Structure formats: structure tokens, C-alpha cells
Amino acid sequence: MKQHIKHSGITVCVLLLLLIIGGGYFVYSGVYNIGADDPHTKPVYTLLEILRNRSISVRAESLTVPNLDDPQLISRGAGQYAAMCIGCHLAPGGKDSEIRPGLYPQPPDLTKARVEPKAAFWVIKHGIKMSAMPAWGGSHDDETIWSMVAFLQKLPDMTPSQYKEIVAKAPPDDDMAPMAPSAGAGHSHGHSEHSHSAPTPPSDQPNDEAPSAHQGQSHTHGGDDQ
Ligand code: HEC
């Protein structure tokens, strides 16, 4: 009996060793094609999709959604979207962009698909690893990110001319102000300038991000909560 246990222990160890060696060979040999034009197999894709969706929904669950029907919030989001997102997520009536067909995973056409607000907020703020989706939380406070979420709720219903109109009337995207030579006040300046335009939305994270969410500091720690 003891002998038997000893034997199966050795077998498990050998199997584990083979697995580690095999895994190491797979990684180091270069046999895996990392090219964006070589799609995942169906099982790998499904697994990654479940991982992605669970990771996002678990983290987005506790967010508090502000009033997304606030016209000023929507208008502000329109300017942000037009300035930063259309290359990958398109605009109503526009052609497909040059970058989009080559991206894998391909960015969803947000003029057609309506995103779930909490998940959208989380994805915009934190980005998605190993995809082209950037974490905008490094350079944008929570209120600005909610403005994009508010705009995205309306986008699928917009005609090209409605889109043009709302973008034309939108406040300018001044988030890159710190780059300009004379803009010393940076983000907090942008924040106070806009705070009259929307009833202050609640903070997104009840935990570690809450204290600084409204001081325009989210760019200093975006993404460090995981
Ligand atoms: C360089 C390309 C790129 C840019 C620019 C970009 N995104 Fe994305 N975005 C992606 C990709 C790729 C995905 C899909 C990632 C995935 O599914 O894993 C994505 C996913 C998303 C999603 C999730 C959609 C869903 O159905 O789950 C939202 C919301 C989103 N982006 C919003 C934005 C907003 C708002 C901006 C502008 C501030 C933006 N993105 C800019 C590439 C981009």
C-alpha cells in the first residue's frame, strides 16, 4: 500500500515536470504565432472571452452610475469621443478607419452597439490588456469618463448629422492642456471649469479610489487598484 502511494507520487512529479518542460519549450521555441493577423482557435478565444467578461463585470459591479441623461454630460462626452475614439470605434456615417481592420480583437463599432454603462466605464478607465483598448483613466478623471459613457448611450441612435451637430457644440477636449506651454493648472483646472456643467456624479469606486476621485488626481493612480 505504501509502495503504491510512493509510485503514484513519483508519477505525478514526472508528469508535472514534463508539463513544465513542455510549457517552457512552447514559450521559448517561438512556435506560437503572436501576430494580430493569426486569430485564436475557437476554444482559446472562448476562454479569453469568459476571462475578459468575468474580470470586467466583477470589477464594475460596485460602481454607482450618475445621471446619464444629463444633456451637458452627454455633450461633453461627444467632444471627448470625437477627439479620441473614432479612429477605433467609428462615427455615424463615417467609413471604416485604416487602423480598425488590423486590430485583434477588433474594436466594436460603437455607433451600432450600445454598451452597458458600468462595464463601459470600467473598460474606458482601465483599458484591456493585450488589446488596443487604452486605459484612459491615466489622463482623465472619473467625471470625464462618465461623460463618454453617457454619450455612448445615445450614439447608436444618432444620425450622421445629429452626431456632427452635437460634436460641433461640445466643449473642447482640453484634457491635454498640461502639454500646452501656458496651461499650468493641469487637470484640476479642467475639472473645476467643468464642474458646473454636470451634477457631480458619484465616485466610481467605493474602495481605494474614492477619496481622490473628485480632486482631479485620478491620473496619478488610474489602474493601480488591481
Ligand atoms: C487604438 C484603438 C482604440 C482606441 C483609440 C479606443 N479603443 Fe475602445 N476598444 C478598443 C478595442 C480593441 C476594444 C475591444 C477590446 C476587447 O474586446 O478585448 C475596445 C473596447 C472598448 C469598449 C468595450 C466595448 C464592449 O462592448 O465591451 C468601450 C466601452 C470602449 N472601447 C470605449 C472607448 C472610448 C470611449 C474610447 C475613447 C476615449 C476608446 N474606446 C478608444 C480599441 C480602442
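## Burial of helix H5

Helix H5 (117-126) is largely enclosed by the rest of the structure, because 7 of its 10 residues are buried. A residue is termed buried if 20 or more other C-beta atoms lie within 10 Å of its own, exposed if 12 or fewer do, and partly exposed in between, with C-beta atoms placed from the backbone. Helices here are DSSP runs (H or I, at least four residues), numbered from the N terminus, as are strands (E, at least two). This is a predicted model, in which local features need pLDDT of at least 70 and side-chain atom pairs count only at pLDDT 80 or more, while totals for chains, interfaces and linings use all residues. Residues are numbered from 1 along each chain as its sequence is written.

The buried residues of H5 are Ala120, Phe121, Trp122, Val123, Ile124, Lys125 and His126. Their cover includes helix H2 (42-60) and H6. Just after H5, Gly127 adopts a positive phi of about 70°.

## Nonpolar core

The largest nonpolar core has 27 residues, of which Phe121, Ile124, Ile145, Met148, Val149, Phe151 and Leu152 touch the most other members. Such a core is a set of buried Ala, Val, Leu, Ile, Met, Phe, Trp, Tyr and Cys residues joined through C-beta atoms within 7 Å. At least two residues of this core come from each of H3, H5, H6 and helix H7 (160-169). H6 gives the most to this core, with 7 residues.

Leu152 touches Leu110, Val115 and Ala120, not counting residues up to four places away in sequence. Two residues are in contact if their C-beta atoms, placed from the backbone, lie within 7 Å.

## Packing of H3 against H6

Helix H3 (residues 71-84) and helix H6 (residues 142-154) pack at an angle of about 95°, with their axes 7 Å apart. Axes are lines fitted to C-alpha atoms, for helices over the stretch in contact, and angles run from 0 to 180 degrees between N-to-C directions. H3 and H6 are therefore roughly perpendicular to each other; angles under 35 degrees count as roughly parallel, over 145 as roughly antiparallel, 65 to 115 as roughly perpendicular and the rest as oblique.

On the H3 side, the contact involves Leu73, Ile74, Arg76, Gly77, Ala78, Gln80 and Tyr81, which meet Thr144, Trp146, Ser147, Met148, Ala150, Phe151 and Lys154 in H6. By class, this contact of H3 with H6 has 8 nonpolar, 4 polar and 2 charged residues. Ala, Val, Leu, Ile, Met, Phe, Trp, Tyr, Cys and Pro count as nonpolar, Asp, Glu, Lys and Arg as charged, and the others, Gly among them, as polar.

## Ligand shell

Of the 23 residues around the ligand, Cys85, Cys88, Pro107, Ala120 and Met133 come nearest. A residue is near a molecule or strand if its C-beta atom, placed from the backbone, lies within 6 Å of it. H3, H4 and H5 each supply at least two residues of this shell around the ligand, and H5 gives the most, with 4 residues. By class, the shell has 19 nonpolar, 3 polar and 1 charged residues.

## Backbone features in loops

Most residues other than glycine have a negative phi, and most peptide bonds are trans. Leu90, in the loop between H4 and H5, has a positive phi near 70° and is buried, with 20 other C-beta atoms within 10 Å. Met130, in the loop between H5 and H6, has a positive phi near 55° and counts as exposed, with 10 C-beta neighbours inside 10 Å.

The peptide bond from Tyr104 to Pro105 is cis, with omega near 0°. Pro105 lies in the loop between helix H4 (86-89) and H5.
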